[in-house]
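Me: Could you take me through a structure, giving the general idea of each feature before the particular case?

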Amino acid sequence: MRTQVAIVGAGPAGLLLAHLLAQGGVSSVVVETRSEEYVAARIRAGILEHSSVELLESVGLGARLRAEGDQHRGIYLQWPGERHHLDFVDLTGRSVWVYGQTELQKDLIAARTAPVHYEVSDVVLDPAAARVAFIDKSGHKRILQADFIAGCDGSFGPSRNAVPAAQKFEKVYPYSWFGILADVAPSTDELIYAWHPNGFALHSMRSETVSRLYLQVPNGTDPASWSDDRIWSELSTRLGHGQNGWKLNPGPITDKSVLPMRSYVQTPMRHDRLFLAGDAAHIVPPTGAKGLNLAIADVALLGKALIASLTERDDTLLDRYSGDAQRRVWRCTHFSWWMTTMLHTSGDPFEAELQLSQLRWVAGSRAGATGLAENYAGLPIGY
Ligand code: RFL
Ligand code: PHB
């Protein structure tokens, strides 16, 4: 098989890249180890930042997002006894959208802009030859010969290890997120990020009838060890049920999962004809809602660079890709680390006082609030 760009991984990075390339007149073929049904149903991130929405709309992927997504002006920050609204639109002129990654993934699959080989195995990359070998769904060995390979295969795929002598930065946090999906109307109009002595809690949502909530839990927590009653009771405590008349409405829990938290950055994001994008190159803890948005920002840069190289024989952007992408990667790595360490409790009373002081400053000072808003609503693509 011959194509211009071989894309490894059909997550949001891989499928959006295929879409951007097709719009620029560049052909691609995607290979994916999982089934189409699996990738379309995976539950992950929930927030799209301003520039992600602008990009998706500009390439014809905004219709369902506009119709079914929910535009939010900001978030609530809270700690016991206090809840503060940060209005990003007022502070920065930018907003965010609640639109599940699952929905975006479905939109990307429905757009069908490039052939995707699902359920492949034994994927082997040759970055110098721009060749990808794999076994297809029917058990046949296939070779995909391209001009470039885009490694969009997340944190467990082979692409990141195909970059020799890469520098790797990693931080593992001493806690995880216990996430639930519940068939109940959200008890809030915008997301609540809550600091509490028992640990962090987040009230997010997927739609008018589906809520998404998270609790900070120790690493290694087994979701089956928490009863539904215990989950709702702990969420009520941490989110302040009863404070100033606010109520958390419980409902049937349809999904439970535990997500470990780490920060990881690998550089450079290129080796020979292989380019990394999204989780293949970096992981952020979910507290800043940046993982999906960073993947989108990477492929916005990479798509443009590949199109310039393949249609105009201009490699300037490709040669700059890794450096340009890393600038935003480190900004989001810092922001996610900052949000995480400000909101998760460690049991150290000194740290707790510093966190509360920081929260009061962020919520009470326009300068503090603007810093959070600018990073959360997202810097322009190309930052
Ligand atoms: P993805 O979405 O992981 O897609 C990579 C794709 O590559 C496939 N793959 C292979 N394909 C071919 N050959 C191989 N050898 C392959 N090995 C793997 C995988 O099956 C997959 O389909 O990476 P991408 O596209 O870079 O997108 C990044 C985002 O998905 C990610 O940053 C966020 O979802 C992170 N994340 C979250 N971010 C948030 O902001 N908020 C969240 O609540 C949140 N929850 C999550 C998450 C990531 C999770 N993972 C990866 C463990 C929850 C989970 C469970
Ligand atoms: C989510 O809705 O899944 C979500 C929202 C905000 C975050 C992380 C996850 O910071």
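Me: Which residues is Leu17 in contact with, leaving aside its neighbours within four places in sequence?

Reply: Contact means heavy atoms within 4.5 Å, and, with those neighbours left aside, Leu17 is in contact with Ile7, Ala150, Cys152, Val299, Leu302, Gly303 and Leu306. This is a predicted model, in which local features need pLDDT of at least 70 and side-chain atom pairs count only at pLDDT 80 or more, while totals for chains, interfaces and linings use all residues. Residues are numbered from 1 along each chain as its sequence is written, and side-chain values use heavy atoms, with hydrogens and water left out.

Me: How many residues does the largest nonpolar core have?

Reply: A nonpolar core is a set of buried (under 20% relative accessible area, 1.4 Å probe, protein chains only) Ala, Val, Leu, Ile, Met, Phe, Trp, Tyr and Cys residues joined through side-chain atoms within 4.5 Å. The largest has 65 residues, and Leu17 is among those with the most contacts inside it, as are Ile7 and Leu302. Its largest share, 9 residues, comes from helix α8 (residues 291-312), a helix being a DSSP run (H or I, at least four residues) numbered from the N terminus. A second, separate core of 36 residues includes Leu191, Met339, Leu343 and Ala363.

Me: Is His50 buried or exposed?

Reply: His50, found in helix α3 (residues 50-58), counts as buried because its relative accessibility is 19%. Leaving aside its neighbours within four places in sequence, His50 is in contact with Gly93, Arg94, Ser95 and Ala377, and a polar atom of its side chain lies 3.1 Å from the backbone nitrogen of Ser95.

Technical notes
Chains are lettered from A and ligands numbered from 1 in the order in which they are written. Buried means under 20% relative accessible area, exposed over 50%, partly exposed in between (1.4 Å probe, protein chains only). Helices (H or I, at least four residues) and strands (E, at least two) are DSSP runs, numbered from the N terminus. A polar contact is a pair of N or O atoms within 3.5 Å; within protein, one must be able to donate a hydrogen and the other to accept it, and residues adjacent in sequence count only if both atoms are side-chain atoms.
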